[in-house]
Amino acid sequence: MFTAGADDDHVMCRMLGQVSAAVWREDFWLPNNYTWDDLQNNEELQYPSSYEVWLYPVVIGALLALLNHWWLEPSVIAPLAKWAGLSALKPPHPPNNSTLESLYKHYSTKVPQSILEEASRTQSMGLQEAERWLRDRKRADRTTKYDIFLTLGTSLIYNVLFLLGAVAVVSNKPWLWNIRLCWEGYPILPVGRGVRWNYLLITAHYYCLLMSEAIRPRRKNDGRLKIMLHHVFTLQLLTFSWVCNFTRVGMLVLLVHLVADIPLLIAKMCKYAGREAAANVFFACFLLSWLATRCYLYPFWVMHSVFFEATAYMFMPSAYVFLSLLIALLGLNLSWTFLILRMVFRTFITNTPLRDLHDDDDEDDENGQRRETKRE
C-alpha cells in the first residue's frame with residue numbers, strides 16, 4: 001500500500017514537472033542562447049521571480065483593502081467628505097415586502113407591467129405605490145456620492161504616492177533619459193529594490209481595486225464590467241512584464257500613465273463636492289496632461305522605442321506578446337481620448353456642466369419621480 005502511494009506521488013511530481021517545463025519553456029520566454037540558469041539571483045544581482053508577482057501582490061492587495069476599509073476611508077477621507085458637505089446618510093429602505101423584493105432582485109425597477117399589476121393586487125397596494133417602492137429600494141441599494149468620494153479619495157492618495165515613488169526611483173536611472181538602455185543587454189538586466197517594490201505595490205493596488213469593485217454595491221450605468229476588465233488587463237500587463245523582466249520600460253509606462261490620473265481624480269472629487277469651478281480647472285489640467293502623456297509621450301517615446309529599438313535585442317515569442325499588450329493599451333488610450341474629447345465638445349456645444357457617469361442613476365430617479373408626479 002505504501003509502495004503504491006509512493007509511486008502515485010512520483011507520477012504526480014513527474015506530471016507537475018512536465019507541466020512546469022511546458023509553461024516555462026526557455027525558447028518562449030528567453031532570447032536565443034540564454035537559459036533560466038543565467039538569471040539566477042546572487043548577492044550582487046537580483047532578477048524578477050515569477051512567484052513574487054503571483055504571491056506578494058495578492059496578499060498585499062487584500063491587506064490594502066482592509067486598510068482602506070478600516071482606517072484610510074473612515075479616518076482620512078471621511079472627514080474631508082463631511083467638510084465638503086457630503087452626507088454619510090443613506091436613503092432609507094422601504095418597508096419589508098418579500099414579493100416586491102423578489103421582483104426587484106430579478107428585474108430591478110424594470111418589472112413588466114402585467115407582473116407588477118398582479119403583485120400590487122396580491123399586496124393590496126396601488127400600482128404607483130408599488131413603482132414607488134421599487135424606486136425607493138433602488139435608491140437605498142445604490143452607491144451614494146459620499147461613497148464615491150471616499151473611493152476617489154483613496155485612489156488619489158495611492159496615485160500620488162505611486163507617482164512620487166516612481167519619480168524617486170527612475171529620476172537617477174540612465175534609462176529614463178536614454179530609453180534604449182531599457183533593452184540593451186537584455187535579459188541580463190538586474191532589478192533594483194526601488195523598482196521591485198514600486199512594481200509589486202502598484203500590482204497589489206490593482207488587485208485591491210479589483211477586489212473592491214467586485215463587492216461594492218451595484219449601480220445601473222456604472223460601467224462595472226469595463227472597469228473590471230481594465231483592472232484585469234492592467235494586472236496582465238504588469239504581471240507579464242515582470243515575468244519577462246521588462247521592468248524598465250514597465251516603469252516608464254507606469255510613470256506616463258500615472259500623471260493624468262491625479263488631476264482627474266481631484267476634478268471628480270470637486271465635482272461630487274459641488275465645487276464646479278475647481279472641477280473645471282482640474283479637468284483642464286487633466287486634459288492637457290492626458291494629451292501630453294498618453295497621446296504623445298506613450299506612442300512617440302515609449303512605443304517608438306518598442307517598435308524600432310527593442311526588436312534589435314529580443315526576438316522570442318514572449319516579447320511579441322508584450323508588444324501586443326502595449327499596442328492594446330495604446331488602442332485603449334486612443335478610444336478613451338475620443339470619448340473624452342467628444343464629451344468636452346458636447347459640453348461646450350450644449351453649454352452644460354461636465355457630468356460623470358455615476359450621475360446617471362440620479363437622473364433616472366428624478367425622471368421616475370417626475371413621471372409619478374404627472375400621473376398623480
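**Rings, burial and a helix pair**

Analyst: Let's start with two residues, Y158 and F162, which are both buried; buried means under 20% relative accessible area, exposed over 50% and partly exposed in between, using a 1.4 Å probe and protein chains only. Bear in mind that this is a predicted model, where local features need pLDDT of at least 70, side-chain atom pairs count only at pLDDT 80 or more, and totals for chains, interfaces and linings use all residues. Residues are numbered from 1 along each chain as its sequence is written, and side-chain values use heavy atoms, with hydrogens and water left out.

User: Why is the pair of Y158 and F162 called stacked?

Analyst: Rings of Phe, Tyr and Trp (its six-membered ring) pair if their centres lie within 6.5 Å, and planes under 30 degrees apart count as stacked, over 60 as edge-to-face and the rest as tilted. For Y158 and F162 the centres are 6.1 Å apart and the planes are at 20°, so the pair is stacked. Both sit in helix α7 (residues 145-170), 4 residues apart, which puts about one helical turn between them. Helices here are DSSP runs of H or I, at least four residues, and strands are runs of E, at least two, numbered from the N terminus.

User: And what makes the pair of Y199 and W242 tilted?

Analyst: Their ring centres are 5.6 Å apart and the planes are at 35°, so this pair counts as tilted. Y199 is in helix α9 (residues 193-215) and W242 in helix α10 (residues 224-243), so the pair ties together parts 43 residues apart in sequence.

User: How do you know whether Y199 is buried or exposed?

Analyst: Its relative accessibility is 1%, so Y199 counts as buried. W242 is at 0%, so W242 counts as buried too.

User: Last one: why are α12 and α13 called roughly antiparallel?

Analyst: The axes of α12 (residues 261-272) and α13 (residues 276-308) come within 8 Å and cross at roughly 160°. Angles under 35 degrees count as roughly parallel, over 145 as roughly antiparallel, 65 to 115 as roughly perpendicular and the rest as oblique. Therefore α12 and α13 are roughly antiparallel to each other. Those axes are lines fitted to C-alpha atoms, for helices over the stretch in contact, with angles from 0 to 180 degrees between N-to-C directions.
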